[in-house]
Amino acid sequence: MTSYMDVVKEVEKILWPKPMKLFTAGPVACFPEVLEAMKIQQLSHRSKEYQELHKDTVKRLADFLLARKATVLLIPSSGTGFMEASVRNAVTPRGKVLVTVIGEFGNRYKEAVERNGRIPIVLEKPLGKPVIPEELDDALKKNPDVEAVTITYNETSTGVLNPLKELAKVVKEHGKLLFVDAVSAMGAADIRVDEWGIDLVFASSQKAFGVPPGLAMAAVSEEVFEKAKKIPERGLYFDLLEIKELLEKQWSTPTTPPIPQIAGLNVALRIVEKMGGREAWLRMYAERAEKIRRGVLELGLKLFAEPGYYSPTITVIYNPPGVKGPVIYEELRKRGIEIAKGYGKVKDETFRIGHMGYITEKDIEDLFRNLKEVLTAVSRF
């Protein structure tokens, strides 16, 4: 049979006209072992071989999330799919949801609540600040009729990590369901589903696990499934009861799963194990984040997030005086390094350095060498 491998080179020239080191907000650079696993020829998602892959991946992710009472679900989607599912499946029509907002992705949850016919009650903080447990407690006392609380664990637009453990305690003291957007946190920040009483926490494959996009994952409590049984019109694609039923009956999904991404996630979770387990893996992320922040401060730049609440996956940095917009992003990209532009309301005054996925020590050295040169250049503008 004729080989058409030359067309692969044609597409590579579109996607990668030159080598690029990624320090993005996602998708991130993938682990080579993950990409290798994803090259395996496809198989039926109803076959026993696939079922074994799905079962093993679910078990490993449940262990990582300390979610032995909850049910781990995998679906073909971005994380926004589970965001919408949480609202449609576990909040009654026209029911109220307390939405905590510390940036653009908290606002996305608010939009998901509104677009699905529920009513958001908003607790919003100034950009760069986290939600404090006392504030959440006060908001819940003032709004005792809300059915659930949403928390953005890691706000990618500002580089703030919310104190999830403490916030979860408050939510549970008030007897409310807790939904957690952990898209840019899961895999890098500590998550203890059972211990903290999280009812639904979700993420995407293209962030801290270093897998290509296309797979969403969540841990869901029994309380959510029980609530879903009483909710009409849960929709077709994101019906959590149907997804759970296929998991239990066939170790599969109602719609065709992204098999390569699930294989990639399985490999990533095995790498976690080889590295020494979840604690060692999380420590790796914490140390990498600290190194990035230290390097930024040594260059005389200022961090956007409030001290003590820094993200383990992305660092948001004020532009130097006199620089507006994505100037630093564009200049680094010319040098083969892609960071992330500022996002949302602070897009003109900040830039972002992501530290998720496959990043080597040399990559970090190259980043700061080039960033120092770029800062010297842009200060002349």
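**Domain interface**

I started with salt bridges (a side-chain nitrogen of Lys or Arg within 4 Å of a carboxyl oxygen of Asp or Glu) and counted 3 between domain 1 and domain 2. I also looked up the salt bridge in which the side chains of Arg192 and Glu279 meet, at 3.6 Å from N to O.

A caveat for myself: this is a predicted model, where local features need pLDDT of at least 70 and side-chain atom pairs count only at pLDDT 80 or more, while totals for chains, interfaces and linings use all residues. Residues are numbered from 1 along each chain as its sequence is written, and side-chain values use heavy atoms, with hydrogens and water left out.

I checked the bounds, which come from an automatic or database domain assignment: domain 1 is 5-30 + 278-379, and domain 2 is 32-273. Their C-alpha centres are 26 Å apart. For the contact (heavy atoms within 4.5 Å), I noted 29 residues from domain 1 and 37 residues from domain 2.

Next I took buried area, the accessible area (1.4 Å probe) that two parts lose on being put together, summed over both. The two domains bury about 2800 Å² between them, with 64% of it on carbon and sulfur atoms. Of the area that domain 1 buries against domain 2, I find 27% supplied by Cys30, Arg278 and Trp281, more than by any other three residues.
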